[in-house]
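Subject: Structure for you to look at

Hello,

Here is the structure we spoke about, with the sequence alongside. My notes follow below it; please read them with the model open.

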Amino acid sequence: MLRPRVVSVMFVSGSKGGVGKSTLVANLALLFDVDVAVVDLGVDGNMSVSMLHGVSADCPGFLDSVLLGSEPRIERSKYAGNVYVVPPGRVRGFRATVLSMANRDVLKSRVDRFVSWLRDQGFQVVLFDAPANAELMSLLYVSLLYSCDIINIVVEPSPLCLEAVQSWWDNFSRAISRSSQIVNLIVNKYMRSMNGSLSYLCKYTINGTVHKIPFDSYTLLLSNRCELAVRYREAEKFNKALQSLYKALCHQISSYLGISKSSIRKGRR
Ligand SMILES: Nc1ncnc2c1ncn2[C@@H]1O[C@H](COP(=O)(O)OP(=O)(O)OP(=O)(O)O)[C@@H](O)[C@H]1O
Ligand SMILES: [Mg+2]
């Protein structure tokens, strides 16, 4: 029997943390009309996506699945009927780093098996939230980059962050070798006073585009209270920009699936 394909979308930021990947992933997932699997790679013990969706992270998750071969748990979000979270699992820190030094082919086949498992659960869209230091799990990280269809590099408009992107690009852009893969660049926490053109950032995209998400003080306040900004009208600036990012991603996802944008919406399980 033919099974529908899954589109994997990953959010990365290189060595610079706190740029807003988890905030973007957790909120973006709510905008989809289909069921979305959100995979929390919180190897650093910072399980923001799970927390933002009110999901307990103290159970077997993604890392148990790919590093130990055990079945992960998938938990429905407390706040959105269409969002399901795979927590990071119980393998963390140094142990995760050591275990992810396993044979690259083994890791790659386990990542593929994990994505097929999500497809068997009926998901068409999977969002991976990678923490800043996910590179510590170097071989696993490369396997994930290789298997993802769309990669979103998230940056803040700061010199430190741009340096981190350059070094991410030098180290990992070679891991993206399928001609069909898309790399977008998202400038988060953008302020109007920064004005200047961002066109020079296009060099960090492949078949993709550059997006701006403004700095929004309500979003900061809400996510620090562990609340999802898209549920609040006060975070208007952030939500408007997130809608336009969502539309662009939907366009890319639908061309991957070879269906129209409206079919993604009708694809509810
Ligand atoms: N557009 C925005 N405007 C204002 N604050 C934001 C915005 N996006 C994210 N933030 C804030 O930035 C902080 C860091 O966000 P977040 O935890 O999502 O970053 P991260 O990239 O996932 O970090 P890590 O690399 O540690 O996983 C949070 O306090 C969040 O509220
Ligand atoms: Mg995070």
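**Helix 6 and its surroundings**

The buried residues of helix 6 pack against strand 1 (7-12), helix 3 (62-68), helix 5, strand 5 (125-129), strand 6 (150-155) and helix 7. Those buried residues are Leu140, Tyr141, Val142, Ser143, Leu144 and Leu145. A residue is called buried if 20 or more other C-beta atoms lie within 10 Å of its own, exposed if 12 or fewer, and partly exposed in between, with C-beta atoms placed from the backbone. Helices (H or I, at least four residues) and strands (E, at least two) are DSSP runs, numbered from the N terminus.

This is a predicted model, in which local features need pLDDT of at least 70, side-chain atom pairs count only at pLDDT 80 or more, and totals for chains, interfaces and linings use all residues. Residues are numbered from 1 along each chain as its sequence is written, while chains are lettered from A and ligands numbered from 1 in the order in which they are written.

**Two helix pairs**

Two packed helices are described by the angle between their axes and the distance between the axes.

For helix 5 (residues 104-120) and helix 6 (residues 138-147), the axes come within 9 Å and cross at roughly 50 degrees. Axes here are lines fitted to C-alpha atoms, for helices over the stretch in contact, and angles run from 0 to 180 degrees between N-to-C directions. Helix 5 is therefore oblique to helix 6. Angles under 35 degrees count as roughly parallel, over 145 as roughly antiparallel, 65 to 115 as roughly perpendicular and the rest as oblique. The crossing of helix 5 past helix 6 is right-handed; a crossing is left-handed if the near helix is turned anticlockwise from the far one by less than a right angle, and right-handed if clockwise. On the helix 5 side the contact is made by Arg104, Leu107, Lys108, Val111, Asp112 and Val115. Helix 6 contributes Leu139, Leu140, Ser143, Leu144, Tyr146 and Ser147. Two residues are in contact if their C-beta atoms, placed from the backbone, lie within 7 Å. By class, the residues of this contact are seven nonpolar, two polar and three charged. Ala, Val, Leu, Ile, Met, Phe, Trp, Tyr, Cys and Pro count as nonpolar, Asp, Glu, Lys and Arg as charged, and the others, Gly among them, as polar.

The second pair is helix 1 (residues 21-31) and helix 9 (residues 236-257), whose axes come within 10 Å and cross at roughly 70 degrees. That angle makes helix 1 roughly perpendicular to helix 9. Helix 1 also passes helix 9 in a right-handed crossing. Asn27, Leu28 and Leu31 of helix 1 meet Leu242, Gln243, Leu245 and Tyr246 of helix 9. This contact has five nonpolar residues, two polar and no charged.

**Around ligand 1**

Ligand 1 is surrounded by 22 residues, and the closest are Gly17, Gly20, Ser22, Ala132 and Ser223. A residue is near the ligand if its C-beta atom, placed from the backbone, lies within 6 Å of it. Helix 1, strand 7 (182-190) and helix 8 (217-224) are the elements that give two or more residues to this shell. Helix 8 gives the most, with four residues. The shell has seven nonpolar, twelve polar and three charged residues.

**Single residues**

Most residues other than glycine have a negative phi, and most peptide bonds are trans. Lysine 189 has a positive phi of about 60 degrees although it is not a glycine. Lysine 189 lies in strand 7 and is buried, with 23 other C-beta atoms within 10 Å. Cysteine 226, also not a glycine, has a positive phi of about 65 degrees. Cysteine 226 sits in the loop between helix 8 and helix 9 and counts as exposed, because it has 12 C-beta neighbours inside 10 Å.

Leucine 220 is in helix 8 and counts as partly exposed, with 16 C-beta neighbours inside 10 Å. The C-alpha atoms of leucine 220 and leucine 139 are separated by 33 Å, the two being 81 residues apart along the chain.

Glutamate 71 is placed in the loop between helix 3 and strand 3 (75-76). With 9 C-beta neighbours inside 10 Å, glutamate 71 counts as exposed. Not counting residues up to four places away in sequence, glutamate 71 touches Pro60 and Ser65.

Regards
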